[in-house]
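Dear colleague,

I am passing on the structure below, together with notes on what came out of going through it. Please read the notes with the model open beside you.

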Amino acid sequence: MLNIKNGKIPRPQKVVIYGAEGVGKTTLASKFPDPLFVDTEGGTAHMDVRRIDRPATWEELLSIVGEVAATKGVCKTLVIDTADWVEQLAIKYVCGKYRKAGIEEFGYSKGYVYLAEEFSRLLAALDKVIASGTHVVVTAHAKMRKFEQPDEMGAYDRWETKLTKQVAPLLKEWCDMLLFCNYKTFVVQSDNAMEKAKVQGGKRVMYTTHHPCWDAKNRHGLPEELDLEFSGIAHLFKENADISAAPEAPGQSPIDELRAMIVEAGVTDADVQKVVSDKGHYAVDVPLTDYTDKFISGWVIKYWPQILDIINVANSMKEDISHE
C-alpha cells in the first residue's frame, strides 16, 4: 500500500561554502547553530570554537564522522574545514592502499576513480550525520580556471571548488546549498571620459545561484546575492524547525530510501551508477538524483539484493587485483 504524504519534509541542511583565501568561509561556518569543527588545516586556531583534534589519516576522519553521527546531542552543526585538505587525506590513503607514490602513478585515471569512491564513503558517512538530526557544513577553497564553451568563441575565467574534477561534482551534487563567497569591488566612473574608472570600496558577499563565472545553488529561493553574514540564511536554521528526527522509511522519497540503503550496505553512489550503466539504463556519469522516482523504486530498490551482489563481486575482484 502506498504511503503518500504531502508537503515539505523538514531535515537538517547540507551546506558547502567555498571562496577565495581569507574571505571569511570559516567565520561564516562558525555562526551556524552550535557548530563542532573537524579542522583539517588548522584554520580555526584563532577562533573561539569547539573543535575535534585534527585527523591524521583518512580512516581517522571517517571514524570521527561516524562517532558524531552516533553521539546524539554532541552538536547541532558538524563543520568539515576544508574539503580540499580532506581530499589530500583521501589521496594519501588511496596511494598507500595500492602502494603507489602518487595519484598519477596509477595510469589511465584509475587513481582518480578510486579517489572518487573513497570520497563517496565520506559523503555517505555525512548522510548518517544528517539522519541523526545534525546540519553539515563543508568549507572549501576556490580556484579560478579558464573555461571554454564548446559552442562559443573565446574563453573566460570561472571560479570553482579547489578539488579534482572527479570529486568536485560529487560534493556539488550532495549539498542542498553551494555558496560562493567573494569580494565585491565598487568601481566608480568619472564624469570626465578621459579619466579612468576608480575603485571606491567594496564588501564581502556570497552568491547563491549559478553564474557563468562561478558554481552556486540553493533549494530555498534565496536572493542571488547576499552579504557575507549568517543572518541572510538564518531563517533556514530556526530552532522551531523539527530536524531532530529523520522521517521514517515508509514516508521517504525513493532517492532518500536509496541513500539509506547505500549507507547501510557500505557501498558508494559510483558503485550503483556503474551497475545501472552496465545494464543500459543511464550513463555512468548521471547522478542518482537525476534518476526518476519510478526507476529508483521499480528497478534499483526492487532489485537491490542482486545489485548489491554485483557490486560486492566487482569490489572483491578489485581487491584481488590490488594484491597481485
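In helix 7, which runs over residues 269–278, the buried residues are Asp269, Asp271, Val272, Gln273, Val275 and Val276. Just after helix 7 comes Gly280, whose phi is positive, at about 85°. Please keep in mind throughout that this is a predicted model, and that the values given here are computed from it.

Another buried position is Thr77, which belongs to strand 4 (residues 77–81) and counts as buried because its relative accessibility is 0%, where the cut-off is under 20%. Leaving aside residues up to four places away in sequence, Thr77 touches Phe32, Pro33, Asp34, Pro35 and Leu36, and also Thr134, His135 and Val137.

On helix packing, the axes of helix 3 (residues 83–97) and helix 4 (residues 110–131) come within 9 Å of each other and cross at roughly 120°. The crossing of helix 3 and helix 4 is right-handed. On the side of helix 3 the contact is made by Ala83, Val86, Glu87, Ala90, Ile91, Tyr93, Val94 and Lys97, and on the side of helix 4 by Gly111, Tyr114, Leu115, Glu118, Phe119, Arg121 and Leu122.

Turning to the aromatic rings, the count comes to 16 aromatic pairs, with ring centres within 6.5 Å as the criterion. One of them joins Phe230 and Phe237, whose centres are 5.7 Å apart and whose planes stand at 40°, a tilted arrangement; both Phe230 and Phe237 are buried. Another joins Tyr291 and Phe295, with 5.5 Å from centre to centre and 85° between the planes, which makes the pair edge-to-face. Tyr291 is buried, with a relative accessible area of 4%, and Phe295 also counts as buried, at 12% relative accessibility.

There is also one aromatic cluster formed by Tyr18, Trp159, Phe180, Tyr207 and Trp214. Finally, a charge is found over a ring at Phe106, where the charged end of Lys100 sits 5.8 Å from the ring centre.

Conventions: Residues are numbered from 1 along each chain as its sequence is written. This is a predicted model: local features need pLDDT of at least 70, side-chain atom pairs count only at pLDDT 80 or more; totals for chains, interfaces and linings use all residues. Side-chain values use heavy atoms; hydrogens and water are left out. Rings of Phe, Tyr and Trp (its six-membered ring) pair if their centres lie within 6.5 Å; planes under 30 degrees apart count as stacked, over 60 as edge-to-face and the rest as tilted. Buried means under 20% relative accessible area, exposed over 50%, partly exposed in between (1.4 Å probe, protein chains only). A charge sits over a ring if NZ of Lys or CZ of Arg is within 6 Å of the ring centre and within 35 degrees of the ring normal. Axes are lines fitted to C-alpha atoms, for helices over the stretch in contact, and angles run from 0 to 180 degrees between N-to-C directions. Helices (H or I, at least four residues) and strands (E, at least two) are DSSP runs, numbered from the N terminus. A crossing is left-handed if the near helix is turned anticlockwise from the far one by less than a right angle, and right-handed if clockwise. Contact means heavy atoms within 4.5 Å.
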